[in-house]
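New notebook page, new structure. I'll jot down what I look up as I go.

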Amino acid sequence: MSEPPIPPLGDELHEDEALAAEHALGVLTAPQRAQAELRMAREPAFAAHVEAWAARLAPMLEALPAVTPSEGVWPRIERALPANDNGSAAARMWRGLAMGSMTLAAASVAAVVVLINRPPTIIAPQAPPSAGQLLNARLDTSGGQHLFVAAYDPVRQKLIVTSLVTPGTDPVHVHELWLIPADGKPHSLGLIAPGTSKSMPMPQGLDKLAQEGASIAVSVEKPDAPKHDRPIGPVAAIGKLVKI
Amino acid sequence: MAATAASDPLAELLPRIAAGDRAALRQLYQATSSKLFGVCLRILSNRDESEDVLQEVYLTIWRRADRFEASRASVMTWISTIARNRAIDRLRARGPLAYADQIDELEIADDAPRAEALLEAAQSGEALGKCLSELDERTEKVIRTAFFEGLTYEALAHRMEAPLGTVKSWIRRGLLKLKGCLER
């Protein structure tokens, strides 16, 4: 901005905080939201700014009048709860690595970027597998928004992954895919470029680990990071393989 | 605003929900669903869609309860922010056309709930409502519109018939004043 230098007490918000406030308020464009989202995943200070602003603005919501929803809503929620989903230690550990808490909220918007610009990607294998075989995973952020979708065909041992991240939102980082079976030990599946789909053979030895209930995660890494056997950067999105 | 764990009766439910306790989620639902439904309805103006979003909100809480930190926000702040953002996502997903229609409807119906909310805020001695009302009317309106409709700067500029840079400056200055007022 062409403003004079910021005086000590500040007559404007610092650029990072202004951006965080704008993200919490919701005035950024879709690509800017995705970019802010990815920044929150790797910069705790920025995420804290967004959370603080979300908390400052939330009383506008708390001041709204309460309205009782239909009686049918709770039974629908209860039916949709995944069995024992919150129990496992491995699941907790992995979610613990995933980004921000309230950020979710301010943040839940990253995936919408793509969803509003094009219809949701339908993942389909080149040839239909035998019925009931295909496993599917939707990888979501802590805000519950899908950033990646994956499908695994155990018969052909092929994994198809699509990134819903807008290309160019974070040119200085790469997105690394991980398979996390029941024992919680991660296995790298290579990189996935923003906005692309890729079909890859499941590496030898991992095919038997890619079962229903195993997780697929994506971490945000520096391109020149040394070889690592677990994510170094933050886990931006995670989801479980389930039968379709 | 952000209550501490000791004064927040809902805070003990979150660790139980994170551990997979459905009864705890049900308790949270009973205590908070009408507030969160009010949030969804204010943003979406449609009962069916609001109930869909409400369901998503509690499923999100179920999955993310372990991310809640009582030291940083009250449970109500945390979950109502989730509800608002999910409802805004839904609003944006309707697409630009449906979105434009929505805007006109909302503007007409806007005054009553807003006045009511302000009154309620004032009665509960709530700081944000007071600080918002200290802003000039135009700035308050543009901040509330952005917050409840998820409008980008471009869309706000169009709505307010003002240049983009001007709207951006109103909002940034407004946010700065709000922060200052809340810290007083």
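**Entry 1: getting my bearings.** I note first that this is a predicted model. I started with chain A and counted its secondary structure: eight helices and nine strands. Then I looked up burial, and 46% of the 244 residues in chain A come out as buried. I also checked the contacts in chain A with a separation of 6 or more: residues 24 or more positions apart account for 72% of them.

**Entry 2: strand β2 of chain A.** How many residues of strand β2 (residues 146-153) of chain A are buried? I went through the strand and got eight of the eight, so β2(A) is largely enclosed by the rest of the structure. A residue needs 20 or more other C-beta atoms within 10 Å of its own to count as buried.

Next I looked for the partners of β2(A). Strand β1 (residues 135-140) of chain A is joined to β2(A) by six bridges, and the two run antiparallel. I picked out one pair there: A:D140 has A:H146 as its bridge partner. Strand β3 (residues 158-163) of chain A also pairs with β2(A) in the antiparallel sense, over six bridges.

β2(A) and β3(A) make a hairpin with four residues between them. In that turn, A:Q157 has a positive phi of about 55°.

**Entry 3: another hairpin.** I moved on to strand β4 (residues 174-180) and strand β5 (residues 187-191) of chain A, which pair in the antiparallel sense over four bridges. A:L179 stands opposite A:H187 in β5(A). Six residues sit between the strands of this hairpin, and A:G184 takes a positive phi near 85°.

**Entry 4: across to chain B.** How do helix α5 (residues 73-80) of chain A and helix α3 (residues 47-64) of chain B pack, and at what angle? I got about 45°, with the axes 10 Å apart. The two helices are therefore oblique to each other. α5(A) passes α3(B) in a right-handed crossing.

I then listed who meets whom. From α5(A) come A:V73, A:R76, A:I77 and A:A80. On the α3(B) side they meet B:E51, B:L54, B:Q55, B:Y58 and B:L59. I sorted the residues of this contact by type and got six nonpolar, one polar and two charged.

How values were computed. Residues are numbered from 1 along each chain as its sequence is written. Chains are lettered from A and ligands numbered from 1 in the order in which they are written. This is a predicted model: local features need pLDDT of at least 70, side-chain atom pairs count only at pLDDT 80 or more; totals for chains, interfaces and linings use all residues. A residue is buried if 20 or more other C-beta atoms lie within 10 Å of its own, exposed if 12 or fewer, and partly exposed in between; C-beta atoms are placed from the backbone. Two strands pair if DSSP finds at least two bridges between them. Two residues are in contact if their C-beta atoms, placed from the backbone, lie within 7 Å. Axes are lines fitted to C-alpha atoms, for helices over the stretch in contact, and angles run from 0 to 180 degrees between N-to-C directions. Angles under 35 degrees count as roughly parallel, over 145 as roughly antiparallel, 65 to 115 as roughly perpendicular and the rest as oblique. A crossing is left-handed if the near helix is turned anticlockwise from the far one by less than a right angle, and right-handed if clockwise. Ala, Val, Leu, Ile, Met, Phe, Trp, Tyr, Cys and Pro count as nonpolar, Asp, Glu, Lys and Arg as charged, and the others, Gly among them, as polar.
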